[in-house]
Amino acid sequence: MLLLQIATAGIATGSVYALIAIGIVLIYKCSGVVNFGQGGYAMLGAYAAYALARAGLSPPLAAAGAVLVLGVVGALTELLVLRRMLRAPVVAVMMVTLGLLILFRAVCLAVWGPDQIAFPQIFPQGAVQIAGIFITYNYVAAALLSLVLSLAFLAFYRFTPMGLMQRAAADNSRAALAVGIHVSNQVSVAWAVSSALAGLGGVLLATLNGLSLTLSNIGLVAFPVIVLGGLTSLMGSLVAGLLLGMLEAFTDGLLTPALESFLRAHTSIYSVGALQQVVPYMLVGGMLLVRPQGIFGQRGTERV
Amino acid sequence: MKRHSSRVPAILAALAFALPAAADVNVCVWGTITGPDAGVNGMSYGTVDYLNYLNQTQGGIAGQKIHVILLDGRYKLDEELKIYRRCVDQENAVVVKGWSTGSAKALREQVQQDAVPFISETFSSEVLDPAKYPYLFIQGATYEQQMLIGLRAAKAAGAKKVMLMHGDVEYGRAPVTVVRKSGAIEKMGLELVDTIEFRYDAQDLTAQLLRVKAKNPDVVYIQASTPQALVILRDAAKVGLPAKLFIGNMYNIHPSIPEQLGAAAEGFRAIQLYANYGDDVPAMKEIAAYKAKNQVEKEDLYFMKGWFGGKFIAAAIGNAIKKSGGKPPADIKAFRKAVRDEMVALKNLDSGGIAPPCSFANHQGPTQARMAEIKGGKYVAVGSWVDAQ
Amino acid sequence: MPARRRLALLAVVVLAAAGSFALGRFGAYLVHSVAIAAIAAMGLNLLTGFAGQISFASGALIGIGAYTAGNLGNAGWGLGAILAAGVAAAVASVVIGLPALRLRGLYYAIATLAAQFVLEYLFKIVEPLTKGISGMNIAPLVLLGRPVASDQAWAAISIAILALTWLGLARLMRTNVGRAFLVVRENELVAKGMGIDVVRVKLWAFLASGFVIGVSGALVGFTTRLASPEGFGLSLSIDQVAMLIVGGQGVWAGSLLGAGFVVLIPEAIQRLGEALHVANLLSAMREMSFGLLIVLFLLFEPRGLAALLRRLARGVSRIALPHPVPDSSPVVAARTPAPGGTREKAL
């Protein structure tokens, strides 16, 4: 029973991780850029939805509007910043996305202030009882939406011509160019889609946790997901996102209590602290040593 | 003022060389205007606003205009240490009001060497030692005292099993460890069944609350801030634990808790050290008068704490000026020492009803607190002021 | 370096160190903040700019230095505490670097990110060594039987250590190992072909860079007087990388310029805001300018302030002098280094 409860809690958070991680993978696949700033786009999306709702749109419409706005922001990022950095070293590209994250946070701080803001209700209030846990409609909707969207993206990449072009651009940009695919446009599209996804993820998170600048932390929280799932695998992000959510929940619900009761009985250590926070990164460390391409990723050229 | 007319090169030069002393009585306050705990920055705004209120209505303190400067420590230790040096070295502040627990700890010895009255927003017992740190003051019951007041109230209501939850930050773990190791909970006749530490920016604590549910405590005390209390109460509702099981500290009195959680917050209690903004107390009239002409940034309990801090500072400076014959001592060192002595000598400080009358001989002022409970979407004081002693 | 230049440098250092005693406390604080940040940035520069490995773990390494120095300093060690801090961080740096023997570029960056988080967690948990979340109070360093507590003294000491670090690193780059760094950075296969032991060279880079960052951490500890986990988070690592980018990679002077910029710009904006009576408005601007600076430098001057200043100086001298002057700066790398290869390679 307890196991089932913990798993339920884990899936709910894990599905949001997956949504953020898929966005990061989308960009990486297409352009080789790892977006450390994905959390910033999520935060921007949530604030945009809040602003639109304040301006008089109904909350669901505001959410949809925010997703569109973020799509534009993503495309602009690619056009104005990333396109100029095609030949830049990996480090520089990583840092530029971090710089954007810092910039976005500062903009939100300047416009909306540092306080926690109550986010407009998008989903009806109420809860369903699953395995003895009352899961609010917010969570149900967030989890379902994440799962459906993730699967939709998988289908899009596999079955549509646009998806094929994207994959071609990602696979081998020179060959794609040779067969007449406009690669840089494909990259712009990937950025737009990825940012829109992040924006949606941010809106969903804000319905769950309220709105504040800390929302942007989700990018780094979800980061282990893409390493575990494999930087190049959308399916991997989905699976690893759910796994990571569950792993955190099980760490909190089972591992930490067991470890602490053992340590309290046998040593002078009383608490292991927020173990849940580092377990994913410890896993990342191990994974990088054993299988850097992740569970689902393809073996790349990165290993020496 | 002269230096305000200068341009960039002059400013850059000023970075390197001390500015000349200003003629006013200088008070230097720093808070968090941009940073993770900016939500409670009413504590610094309140102090600045009260001193400006005195400037506007009474021409300052004892006839002396107060030059009060507000800076942004960003809740970053290096920034706060830099600001402290500016306050003492460049602004010639007679009183410095700082912010974080970390900065109070890092500065506690330097404050003695500089012999400058230093008030911190922290409630940590680790900086409260009148013998060792005669120039360091806090304002109110320590976190440990707040915890014991809360648990005592729970005990009076028949609780037996206690659980503690706290964030993985200084202000979460340290007080909980002090209380746990002191054995005070057991002395009270309560049993501590478990302690849970969680990450401070936690977005989901369902699994932790399942752990709480499994231990079946009669009361859970939360040592964390508003965002964490929000997550805890929300996820408590998920696993079927009522909000009335939980007691929070003084940072958990925040309108966003009932606003965002609605019915799931009903019955949640928190420790209240200062009157709420808008309560029927004399100080509120002053605030209303100030607000009529100025902008008040934060209308909340923390602003009240700040206003209280302003009154504390003003009372001590006023007494010091009066004693030296109506003029502040010319020597800043003598002035600082005089103010510090007057702080300790304050008896029955009247804060206009924000806190019960108190003295600062203990370097912490009021040690009373009362419980506030969320009823009908609002915090309502339940019971009267209880002393921590 | 010719003897005359060495003498001139020595004179500059001595003057700067002596001059810091004439500063006020606030000014001295800024000086040692910049100097200490610059030392760590040089350590990172060695790793990133010269040996081609990016790291997001320098915040945690500074922490290891601070905790080591704090423990030993409190136990009565003098200067030895600073050296030991360097050694401890060097060891940690090598351990973090071990995956880099197999990983490169992006993956290594992620590995250092993981190391940063794990170490931050350990700082909170290993209470006997770190005093946990509450943080460790650090007593003033005792030098020649006297506790060093004043900011002016620390400014002088930091300047001296900065100069030593600079000289030491510049010297290291002239050894065979140092030259091998550059080859490894450019192309590991070529390095192997030249008979360079790539593993050994990389380990040297981690060791030396960790040592320098650890020394800087010791100074952070002694000047802050409190080592707490919150102070050694990812944001410190990001600040460090930002210094590298703004200042310029692969140039030692770039580290100093970058550190000065990152440490002083927020203060300059603050003072400007106060002078113009818009301090509150500019509060958010400080963060914004930090993010914006990183982005703008990467876009328009990826070689950083060092290159920008050199170009400016050349422009000025071209106007002032009839003949072009030869570039006399002790720059090792003339072109932009590409740590971890370009993105094309990463694909």
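1. In this predicted model, 15 residue pairs are in polar contact across the interface of chain C and chain B, both members of each pair being at pLDDT 80 or more. Helices of chain C that each supply at least two residues to the side touching chain B are helix H2 (25-50), H5, helix H10 (198-224), helix H12 (252-275) and H13. H12(C) gives the most to that side of chain C, with nine residues. By class, the side of chain C that touches chain B has 13 nonpolar, eleven polar and twelve charged residues.

2. What is the count of salt bridges between chain C and chain B? The count is ten. In one salt bridge, B:Asp168 pairs with C:Lys124, and the closest N and O atoms are 3.0 Å apart. A search of the whole structure finds 40 salt bridges over all chains.

3. On the extent of the interface of chain C and chain B, the contact takes 36 residues from chain C and 42 residues from chain B. The area buried between chain C and chain B is about 3600 Å², and carbon and sulfur atoms give 50% of it. Within chain C, the residues that lose the most area to chain B are C:Arg25, C:Phe26 and C:Arg271, which together make up 19% of what that side buries.

4. The interface of chain C and chain A should be read separately. Here 48 residues of chain C and 55 residues of chain A take part in the contact. About 4700 Å² is buried between chain C and chain A, with 73% given by carbon and sulfur atoms. How many salt bridges are counted between chain C and chain A? The count is zero. One residue pair is in polar contact across the interface of chain C and chain A, with both residues at pLDDT 80 or more.

5. As to which parts of chain C face chain A, helix H5 (105-125), helix H9 (188-193), helix H11 (234-247), helix H13 (279-300) and helix H15 (343-346) of chain C each supply at least two residues of the side that touches chain A. H5(C) provides the largest share of that side, twelve residues. By class, the side of chain C that touches chain A has 35 nonpolar, five polar and eight charged residues. H5 of chain C is also listed among the helices that supply at least two residues to the side touching chain B.

6. Chain B is assigned two domains: domain 1 (2-141 + 278-358) and domain 2 (143-272 + 369-387). The contact between them takes 16 residues from domain 1 of chain B and 14 residues from domain 2 of chain B. Taken over C-alpha atoms, the centres of domain 1 of chain B and domain 2 of chain B are separated by 31 Å.

7. Between domain 1 of chain B and domain 2 of chain B, about 1300 Å² is buried, 58% of it on carbon and sulfur atoms. Which residues of domain 1 of chain B lose the most area to domain 2 of chain B? They are B:Phe123, B:Ala141 and B:Tyr302, together 41% of what that side buries.

8. Two salt bridges are found across the interface of domain 1 of chain B and domain 2 of chain B. A salt bridge joins the side chains of B:Arg370 and B:Asp279 (4.0 Å, N to O). Seven residue pairs are in polar contact between domain 1 of chain B and domain 2 of chain B, both residues being at pLDDT 80 or more. On the side of domain 1 of chain B that touches domain 2 of chain B, the elements giving two or more residues are helix H4 (101-114) and helix H12 (301-323) of chain B. That side of domain 1 of chain B has eight nonpolar, four polar and four charged residues.

9. Chain B also holds an open sheet of five strands in the order S2-S1-S3-S4-S5, with parallel pairing. Strand S2 (66-72) and strand S5 (136-137) of chain B stand at the edges with a single partner strand each, so one side of each has no neighbour in the sheet. Strand S3 (residues 95-97) of chain B pairs with strand S4 (residues 118-119) of chain B in the parallel sense over two bridges. B:Lys97 stands opposite B:Ile119 in S4(B).

10. A salt bridge within chain B is formed by B:Lys238 and B:Asp204, with the closest N and O atoms 3.2 Å apart. This pair links distant parts of the chain, 34 residues apart. B:Lys238 lies in helix H9 (residues 226-238) of chain B, and B:Asp204 lies in the loop between strand S7 (191-198) and helix H8 (206-215) of chain B.

Notes. Residues are numbered from 1 along each chain as its sequence is written. Chains are lettered from A and ligands numbered from 1 in the order in which they are written. This is a predicted model: local features need pLDDT of at least 70, side-chain atom pairs count only at pLDDT 80 or more; totals for chains, interfaces and linings use all residues. Side-chain values use heavy atoms; hydrogens and water are left out. Domain bounds come from an automatic or database domain assignment. Contact means heavy atoms within 4.5 Å. Buried area is the accessible area (1.4 Å probe) that two parts lose on being put together, summed over both. A polar contact is a pair of N or O atoms within 3.5 Å; within protein, one must be able to donate a hydrogen and the other to accept it, and residues adjacent in sequence count only if both atoms are side-chain atoms. Helices (H or I, at least four residues) and strands (E, at least two) are DSSP runs, numbered from the N terminus. Ala, Val, Leu, Ile, Met, Phe, Trp, Tyr, Cys and Pro count as nonpolar, Asp, Glu, Lys and Arg as charged, and the others, Gly among them, as polar. Two strands pair if DSSP finds at least two bridges between them.
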